[in-house]
Amino acid sequence: MTRPEQRRGIFLLGGLFLLLFALSLLVGRFPTAGFLFPGDLLRDPLSLRVFLRLRLPRVLSASLLGAALAASGCAFQMLFRNPLVEPGFLGVSQGAAFGAALAILLFPRLPGGVQLSAVLFSLGGLFLSYRVASSIRFGGWVIRMVISGLAVSALFTSGVGVLKYMADPLSQLQEMTFWMLGGLAGTTWQTTLSMLLLSLPALVLLYLFRWRLNILSLDDLTSFSMGADPFRERMLLLVAASVATAGVTAAAGIVGWVGLLVPHAARRVFGAEGSLSLPASMLLGAVMLLVCDGIARALLPFEIPLGILTSLLGAGLFILLLSSGQVRFRR
């Protein structure tokens, strides 16, 4: 693909996103399963209320969820020069899961307690990974962060297991399980605004620094010779990617594979340059979540957890990428 073709591809992808966004607003099971005709919104006040109070915030949340996870995955993979990392790599997703489980166990009636605890512990996972990496005395910065991220993730995963063992199996354990399956059921404008408050500024920062991702994916001496401050800029973008992930994970639960798979697809089509692969990842992630959320809402009489659909789709496509030899950076 030449540069003009890549730019046209980005615009076409943006058009596809807008089309799916509009169609997703009309998909559901009220007043009948399938599509809602736009004319019904003017004739039926109840359909209009469902459209404005339920579907619109949910579709916005699905778009933001996909864009945040995919953009964070793209940033992580370029900063760590490793195509197999994803937003939960530094204990962010696992920290959010532990925080949500802890709030469900200890503060089940606190309004917004699950979301707040998930955000705090996800950011705590990033901080703990950084502190552990700073104490390691061997290897470069990347390998130290890899090792510390694995250790912190395992620590939080074990903590979730302990909390599940302590939970009431008739109430708390079920709530923990459904939260960790991921989904947007019960999304309201309050949920959407809470996601926007944290994730949108972080996404804007990642987008503005998309040009620096290529430089920061090089070794420290090379990136420093090109005018970058490798440590500070990497930490800034890592924090931004983690905050974006924390903001959406706190509201939607654990939705896997988006941050791992979508950046591979974006690089395969648009190349590895961050100025194109990052916005392409954001749009592809939003498109993927809109499709999965529409299927989750309309395929069966009951709602399918979103995390199950993304894992099923993501794992299948990732196997295809592995078998075709496309899991690599393309320069």
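User: How many nonpolar, polar and charged residues are in the lining of the largest pocket?

Analyst: This is a predicted model. By class, the lining of the largest pocket holds eleven nonpolar, seven polar and two charged residues.

User: How much space lies in the largest pocket? Which lining residues are closest to its centre?

Analyst: The largest pocket contains about 430 Å³ of space. Its lining has 20 residues, and Phe178, Trp179, Gly183, Leu184 and Ala185 are the closest to the centre.

User: Which helices each supply at least two residues of that lining? Which gives the most?

Analyst: Three contributors are α5 (113-135), α7 (172-181) and α11 (230-252), each with at least two lining residues. α7 gives the most, with three residues.

User: Now the helix pair. At what angle do α3 and α8 pack?

Analyst: Angles under 35 degrees count as roughly parallel. Here helix α3 (residues 45-79) and helix α8 (residues 189-208) pack at about 30°, and their axes are 10 Å apart. Therefore α3 is roughly parallel to α8.

User: Is the crossing of α3 and α8 left-handed or right-handed?

Analyst: The crossing of α3 and α8 is left-handed.

User: Which residues of α3 and α8 meet?

Analyst: From α3, the residues in contact are Leu52, Arg53, Leu56, Pro57, Leu60, Ser61, Leu64, Leu65, Ala67, Ala68, Ala71 and Ala75. From α8, they are Trp189, Thr192, Met195, Leu196, Ser199, Leu203 and Leu206.

User: How many residues of each class does the contact of α3 with α8 have?

Analyst: The contact has 15 nonpolar, three polar and one charged residues.

How values were computed: Residues are numbered from 1 along each chain as its sequence is written. This is a predicted model: local features need pLDDT of at least 70, side-chain atom pairs count only at pLDDT 80 or more; totals for chains, interfaces and linings use all residues. Side-chain values use heavy atoms; hydrogens and water are left out. Axes are lines fitted to C-alpha atoms, for helices over the stretch in contact, and angles run from 0 to 180 degrees between N-to-C directions. Helices (H or I, at least four residues) and strands (E, at least two) are DSSP runs, numbered from the N terminus. Angles under 35 degrees count as roughly parallel, over 145 as roughly antiparallel, 65 to 115 as roughly perpendicular and the rest as oblique. A crossing is left-handed if the near helix is turned anticlockwise from the far one by less than a right angle, and right-handed if clockwise. Contact means heavy atoms within 4.5 Å. Ala, Val, Leu, Ile, Met, Phe, Trp, Tyr, Cys and Pro count as nonpolar, Asp, Glu, Lys and Arg as charged, and the others, Gly among them, as polar. On a 1 Å grid over the protein atoms alone, a cavity is a set of points where a 1.4 Å probe fits but cannot get out, and a pocket is an open set with protein on both sides within 12 Å along at least five of seven lines; lining residues have an atom within 4 Å of a point. Grid points are joined across faces, edges and corners, and a volume is the space filled by probe spheres set on the points.
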